[in-house]
Amino acid sequence: MAKSASDLPSLAARKIETLPQPETQVVIDFDDNRAASSLVGPYGQNLALVERRLNVVVDSRGNHITLTGTRDACDAARRVLETLYAQAAQGHDLAPGDVEGAIRATLAQGTLFAFDPKSKASTFEAINLRKRPVRARTAAQDTYIQALKSHELVFGIGPAGTGKTWLAVAQAAALFERKEVDRIILSRPAVEAGERLGFLPGDLREKVDPYLRPIYDALYDLMDSRIVERALQTGEIEIAPLAFMRGRTLTNAAIILDEAQNTTSMQMKMFLTRLGENSRMIITGDPSQVDLPPGQTSGLAEAARLLDGVQGIAQVKFTAEDVIRHELVARIVAAYEGIPQKPAVQKA
């Protein structure tokens, strides 16, 4: 069937829209050689990540960087590099997660972070620790840090790799260092992920160590190891298995309940009612990784539903878009959640 004359303009417009953008080049010069070196990363790994994720070619010669690609891709890459350079110039060590977070924000928002041209730095929230500052890498993390600073009870809910536990530990460590709390209390339910570990020898700390290893790793990375060891010995950092929390009132403490999706309804209610004067409670969990027996309701899911909108309680929910652990982790989480994925590019 022949096309009418009225159809021709729309067909032409659609044809024009599908034409590829011409390649362009953007040249960036950075003044601070040390910050530029941090921006490039060891063996150019940060620039390689920008190349791979934004489909541009990055050529680095000292502090002189040339971007080649479509106009939109080069503009996005330029904003990523300029913001990361600003962070490096202020003394922040850049890790691949910082680069990935900057790229994610660019792709999701179209513009990178809330950017102050005078300070040349991201305005995302940061948690200041003696060892080093911990800065939000995504909009969800920024919201999470704001909630941690302004609320006494915070739920961090979402998939693995979004920084829920990491930032919770950072906030607890910051409160402890500033003497706003006297101790840090770490807890999680002792539920194995589909395995039976059997009898674990040793004292209480040694028995629960395998379950709390991710929190330990974060503590040692964010605080001086000698301070952590001494605080563990004196009880200023306390390991409190969830099963032994009943009857306690936790005052002057930063309390973290990790892997909360594996609590029962009664356990969660019991834990929430332990909150005492001058304490902060942070509850993290991934509702998609429940290891409870079939048919048993997750205490985290129930608490999130019942406490939604309650004054003084914040809930921050992360998605696959907020995963910063590794770009493959984000794709894995998205695949399990049924989110359509872009087809892999086939190389000749």
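A: In this predicted model, R78 forms a salt bridge with E82, and their closest N and O atoms are 3.1 Å apart. Both residues belong to helix α4, which covers residues 71-89, and they are 4 residues apart, about one turn of the helix. R78 counts as partly exposed because its relative accessibility is 25%, which falls between the 20% limit for buried and the 50% limit for exposed. E82 is also partly exposed, at 30%. The pair is part of a network of salt bridges that links D75, R78, R79 and E82.

The structure holds 12 salt bridges. One of them joins E125 to K149, with the closest N and O atoms 3.0 Å apart. This pair links distant parts of the chain: E125 is in the loop between β5 (121-122) and β6 (126-127), K149 is in helix α6, and 24 residues separate them. E125 has a relative accessible area of 27%, so it is partly exposed. K149 is partly exposed as well, at 38%.

Another salt bridge brings together the side chains of R226 and D224, at 3.2 Å from N to O. Here R226 counts as exposed, because its relative accessibility is 62%. D224 is partly exposed, with a value of 28%.

Helix α6, which carries K149, also carries Y144. Y144 and F318 form an edge-to-face aromatic pair, with 5.3 Å between the centres and 85° between the planes. Helix α6 spans residues 139-150, while F318 lies in the loop between β13 (313-317) and α12, so the pair ties together parts that are 174 residues apart in sequence. Y144 and F318 are both buried, whereas K149 is partly exposed.

Y144 also belongs to the largest nonpolar core, which has 41 residues; Y144 is among the members that touch the most others, along with L129, L186, I237 and I256. The elements that give two or more residues to this core include α6, α7 (164-177), α9 (225-234) and β13. Helix α7 gives the most, with 9 residues. In soluble globular proteins, nonpolar side chains tend to be buried together.

One more charged side chain deserves a mention. K179 lies over the face of F176, at 5.8 Å from the ring centre.

Terms used:
Residues are numbered from 1 along each chain as its sequence is written. This is a predicted model: local features need pLDDT of at least 70, side-chain atom pairs count only at pLDDT 80 or more; totals for chains, interfaces and linings use all residues. Side-chain values use heavy atoms; hydrogens and water are left out. Rings of Phe, Tyr and Trp (its six-membered ring) pair if their centres lie within 6.5 Å; planes under 30 degrees apart count as stacked, over 60 as edge-to-face and the rest as tilted. Buried means under 20% relative accessible area, exposed over 50%, partly exposed in between (1.4 Å probe, protein chains only). A charge sits over a ring if NZ of Lys or CZ of Arg is within 6 Å of the ring centre and within 35 degrees of the ring normal. A nonpolar core is a set of buried Ala, Val, Leu, Ile, Met, Phe, Trp, Tyr and Cys residues joined through side-chain atoms within 4.5 Å. A salt bridge is a side-chain nitrogen of Lys or Arg within 4 Å of a carboxyl oxygen of Asp or Glu.
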